[in-house]
Amino acid sequence: MASVKLTDVKKVYDNNVTAVHDFNLDIKDKEFVVFVGPSGCGKSTTMRMIAGLEDISGGTVEIDGVVVNDLQPKDRDIAMVFQNYALYPHMTVYDNIAFSLRLKKMPEDEIYEKVTNAAEVLGITEYLTRKPRALSGGQRQRVAIGRAMVRESKVFLMDEPLSNLDAKLRNQMRAEIILLRQKLNTTFIYVTHDQTEAMTLGDRIVIMHDGYIEQVGTPMEVFEMPRNVFVAEFIGAPKMNLMETELEYSGGKYYVKPFGAKIEVTGSKAEELQRKGVGSRKVLLGVRPEHITLTDASAADAIPCKLEVNEMMGSELHLHVYTADGTRLIVRVPTINLSSEQRKAMVYGAQLYITFEGKVMHFFDTETQKNLIYGE
Amino acid sequence: MSENNITAGKRHMGLKASRVLANSTIYLVLSVISVIWLIPFVCILLQSFRVESTYQVGYVVPQQWGLDNYTKLFQTDFPRWYVNTFVIALITAILQTVIVLCMSYTLSRFRFKMRKPLMSFMLILGMFPGMLSMIILYRVLKDLGLTQANAVPGLILVYVASSGMGYYVSKGFFDTIPKSLDEAARVDGATRFQVLKKIILPLSKPIVIYTVLTAFMGPWGDYVFARYISFGTSAGMNVAVGLYNWLNKDQIATRYTMFCAGGVLVAIPVAVLFMCLQRYYVEGVTGGAVKG
């Protein structure tokens, strides 16, 4: 249990490629922080610098107030779970879990107790005598978690631990990690490229892109108040629709004019725009697929479009549509809101009319891509 | 449908027959080669048991069998040479294995500035025949007093000195072991040496055995350096040098069959080693290329 503090941490490789730029983050004791971003954004590198597996080119990493830049991984009191499990193939599950304890020269009876306890928590007791190659992916991942668990270290690092599992098992293990977190009650740092994992697991999410932190916040904050276009598109599935359009300020009200329609901005967004003193201008309008609704041709703010792809997800439809000028949008429609005739009519080329909900729009600068409200 | 089955069956038979033919040809050729290969060994073995004459004769199977050659062998300097050779080979095998494995692990896992230049330097250095260094080595060893009667430590030094250059095969094998195993072990609290000892080496058994075997074999059969450094002093000779002296014009008439007996005794430990470990040896030679 410990806090982790990164100050201006930098990683520059020998070929002068900078993987991480001035990374600043304060992770509180017992916090669950998720680093998320596309591949190559520096999230794994940052974690490996915390673990001591990668040299730190600049700045400091502190664990529990102690600068650990020059400490070997073994002296940092951390535990880590790897994407490919990294189980020792020549050892049984028991020996794998006991490895770190034996290095600590812990008495065998104590080791036995700890290993069997961990195995019980993870439900792998019956596999203790097996070698890793005789286990399935999910079981291997449990062993890897068990190996990290028994160390009872200050910080628990997980580097894409679920990426090698199939979708169903991934969901199951995700839930188990949440439970595990409650049991261990220690500081977690978790790396993933999957925004769903980030949203469901993290107390706070660190969204990274090209070695920079784009935004740090709770899942709700990054979802509702994305600082820029990158965060807006990265968080949420399917991703947010973006379109260049006019923002009009007249008579104390804001309107957007996408594809010839005129939709009023309502609720807190309008208030925030006013507070920030935003005038009429060109903006990049962001609307999440779930905030687009189907409407009638007769409605005042209806945008005509044609259906291209209809993805049936069970509880909802993901409709890929394109407007008259060829802009592609994704619309999420709960299946329950549609009559069976309507559902049948959702075929390629079908004419649809959509509109946006005025209170959940996002406005970005077309040049800087920053959110006009939360950009700073 | 039944017709289809019949043609498929015929094709199957054809495949099987051609496979049998191919295999028998291969085995026939291999058997002929191995017989040719074995002839000299069989000859030496038979000569070593010949009692009626100590010189070369025009036939292979002895007329009188006996162990005379072996008993006489032990009244010469042969045991001394044998011990010399064994000590040299054993110590060299141990030291060279340690050096090669540490070197390979370092080059496989550590990233340091001179790593690539060092590797290419060693590659180029390895292209020069070792014999080129003979004169200077002799000079240095003589100054250190490690020639002639003291040739044993001198030879060990020579064999072990350049052993780091033989890292290729084991480095290739280590490269196939995922680095995340090292990282997991280091996070688990292991030092780099513990990683090598507890993770890498147990996973590289064939390579370790291959390294020990080749390190043992080199000095065991060496002639050129051993002859040069012992320089005519019997106490510093190894078996190859000692035995070869018996083939001189003035000795060959009385010692030829003893030479054969000595040859058999030299071959025994190596043959036994190979028979026990040949599975690993083959795996080791091919292991660098295939994921372990």
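Helices are DSSP runs of H or I with at least four residues, and strands are runs of E with at least two. On that basis, chain B of this predicted model contains 13 helices and zero strands. Its pattern along the sequence is α-α-α-α-α-α-α-α-α-α-α-α-α. Chain B is more spread out than a compact globule, because its radius of gyration is 25 Å, well over the 19 Å that the globule rule gives for 292 residues. The box filled by the C-alpha atoms of chain B spans roughly 80 × 65 × 35 Å along the principal axes.

Burial and contact range were also computed for chain B. Of its 292 residues, 32% count as buried. Contacts were then sorted by sequence separation. Among those between residues at least 6 apart in sequence, 73% join residues at least 24 apart.

Chain A was examined at the level of domains. The assignment gives domain 1 of chain A as residues 4–233. Domain 2 of chain A covers residues 239–364. The centres of domain 1 of chain A and domain 2 of chain A, taken over C-alpha atoms, are separated by 39 Å. Domain 1 of chain A supplies five residues to the contact, and domain 2 of chain A supplies seven residues. On the side of domain 1 of chain A that touches domain 2 of chain A, three residues are nonpolar. One residue on that side of domain 1 of chain A is polar, and one is charged.

Key
Residues are numbered from 1 along each chain as its sequence is written. Chains are lettered from A and ligands numbered from 1 in the order in which they are written. This is a predicted model: local features need pLDDT of at least 70, side-chain atom pairs count only at pLDDT 80 or more; totals for chains, interfaces and linings use all residues. The radius of gyration is taken over C-alpha atoms; the globule rule is 2.2 Å times the number of residues to the power 0.38. A residue is buried if 20 or more other C-beta atoms lie within 10 Å of its own, exposed if 12 or fewer, and partly exposed in between; C-beta atoms are placed from the backbone. Two residues are in contact if their C-beta atoms, placed from the backbone, lie within 7 Å. Domain bounds come from an automatic or database domain assignment. Ala, Val, Leu, Ile, Met, Phe, Trp, Tyr, Cys and Pro count as nonpolar, Asp, Glu, Lys and Arg as charged, and the others, Gly among them, as polar.
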